[in-house]
Amino acid sequence: MLPYYNGCVDSYIVRLSDTLITHDSRILLEHSDVRALGLNADDAVDLGLCSNGRRVRLLTTTPEFEVTGAYGTRTLRDLLRSAPEADFRCAARAVHLAHWDTTHQYCGSCGGKTERMAAEHARKCLSCGAVVYPRISPAIIVAVIRDGKLLLAHNARRAHGFYSVIAGFVDPGETLEECVAREVREETAVEVQNIRYMSSQPWPFPDSLMIAFICEYRSGEIEVDGSEIDHAYWCDPDNLPEVPPRPSVARSLIDWFVAHHADL
Ligand SMILES: [Zn+2]
C-alpha cells in the first residue's frame, strides 16, 4: 500500500520527454511552480513518500511543452552529479516509475490494455486482470582485492577511458554471491572467495538496483574476453586511472579500497 501522508508538504517532479523541468536548478518544484507552468496538479501521480520526507508527485508534460524564464531542463544523469542526494533519489524514483509506466501499457499475458492501480505501484490488465509490478533489475558490482591491489577493468563498448570494478546483471535462479563469482570469472577468468555485502544503490538507467560487494582473490590469472572487457589489471591504490564519478556505487567501492587498502 502507498503510505498515509500526515502533514507532509507536496513536491512535484515534472517530466518533459527524457528530461525533468527545474526552477533555478531545483528539481523538486512547489505547487506555485506547477501553476506558473500552466499545469494541473490534479493530473499528478503519487510516487509515495520519498527519502527526503516529502510527498512527491509526478507530472508529465507533452513533448511540445515550452520551458521559459527561470525554468530549465536537466537529464537524470546531470542531476546525479549536481543535485543533493535526497533530491536525486526522488528524481530517480520518478523516472524509474515513469519509464515502467510507459513501457507496460499493455499486458504481457494477453495483450490487453493496462491501467495504473490507485493503492500501490502496480498496473492491472483490463482484460484478464493480471497485475504487474515495477520492474527492478538487480545487478552486482564488486571490488576484488589481491595483495592490497584492486581489480579494475575497461569496458570494450564504452568510448570513455573509465576503468571500473566488475559489474553485471543477476541471472534467474542465481544467488547474488554466485553472480559475483560468475561475473568475475566470465570477464577476467579470476576466481574469488570470501564475498561480503557492502551497500546498494538504485540506478534508474533505466531500472537497475546495484548491489555492491567486496571479495578476495582466490586463484587464476587475468584473461579478458575481449568483447565485454578489453583490458583488466590489478591496480595500485596510489596510481588510479580515470574512474567513475561520485556518487556512483562503483566510485564508492573504489574510494573504500583506497581508504582501506593498507588493512587488506
Ligand atoms: Zn491481460
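Which residue in S8 is the bridge partner of Arg123? In S8, that partner is Val132. The model is a predicted one, in which local features need pLDDT of at least 70 and side-chain atom pairs count only at pLDDT 80 or more, while totals for chains, interfaces and linings use all residues. Residues are numbered from 1 along each chain as its sequence is written, and side-chain values use heavy atoms, with hydrogens and water left out.

Strand S8 (131-132) belongs to an open sheet of three strands. The order is S6-S7-S8, and the pairing is antiparallel. S6 and S8 are the edge strands, each pairing on one side only. S7 and S8 are joined by two bridges. Strands here are DSSP runs (E, at least two residues), as are helices (H or I, at least four), numbered from the N terminus. Two strands pair if DSSP finds at least two bridges between them.

A zinc ion is coordinated by the SG atoms of Cys107, Cys110, Cys125 and Cys128, at 2.3 to 2.4 Å. Donors are N, O and S atoms within 2.8 Å of the metal (3.2 Å for Na, K and Ca); water is not among the atoms, so sites may look incomplete. The donor residues follow the spacing C-x2-C-x14-C-x2-C. Cys110 lies in the loop between helix H3 (85-103) and strand S6 (114-116), and Cys125 lies in strand S7 (residues 123-125), 15 residues apart. The four donor atoms subtend angles of 98 to 116 degrees, so the arrangement is tetrahedral (all angles between 85 and 135 degrees). Cys125 is buried, at 4% relative accessibility. Cys110 is partly exposed, at 43% relative accessible area. Buried means under 20%, exposed over 50%, and partly exposed in between (1.4 Å probe, protein chains only).

Another open sheet has five strands in the order S3-S4-S1-S2-S5, with mixed pairing. Strands S3 (45-49) and S5 (71-74) stand at the edges; each has a single partner strand, so one side of each lacks a neighbour in the sheet. S3 and strand S4 (residues 55-60) run antiparallel and are joined by three bridges. Asp46 stands opposite Arg57 in S4.

The largest pocket holds about 930 Å³ of space. Its lining has 29 residues; the closest to the centre are Asn155, Arg158, Ala167, Trp203 and Met210. A pocket is an open set of points on a 1 Å grid over the protein atoms alone, where a 1.4 Å probe fits, with protein on both sides within 12 Å along at least five of seven lines; lining residues have an atom within 4 Å of a point.

Terms used:
Four donors count as tetrahedral if all angles lie between 85 and 135 degrees; four count as square planar and six as octahedral if opposite donors are over 155 degrees apart and all others between 65 and 115; anything else is irregular. Grid points are joined across faces, edges and corners, and a volume is the space filled by probe spheres set on the points.
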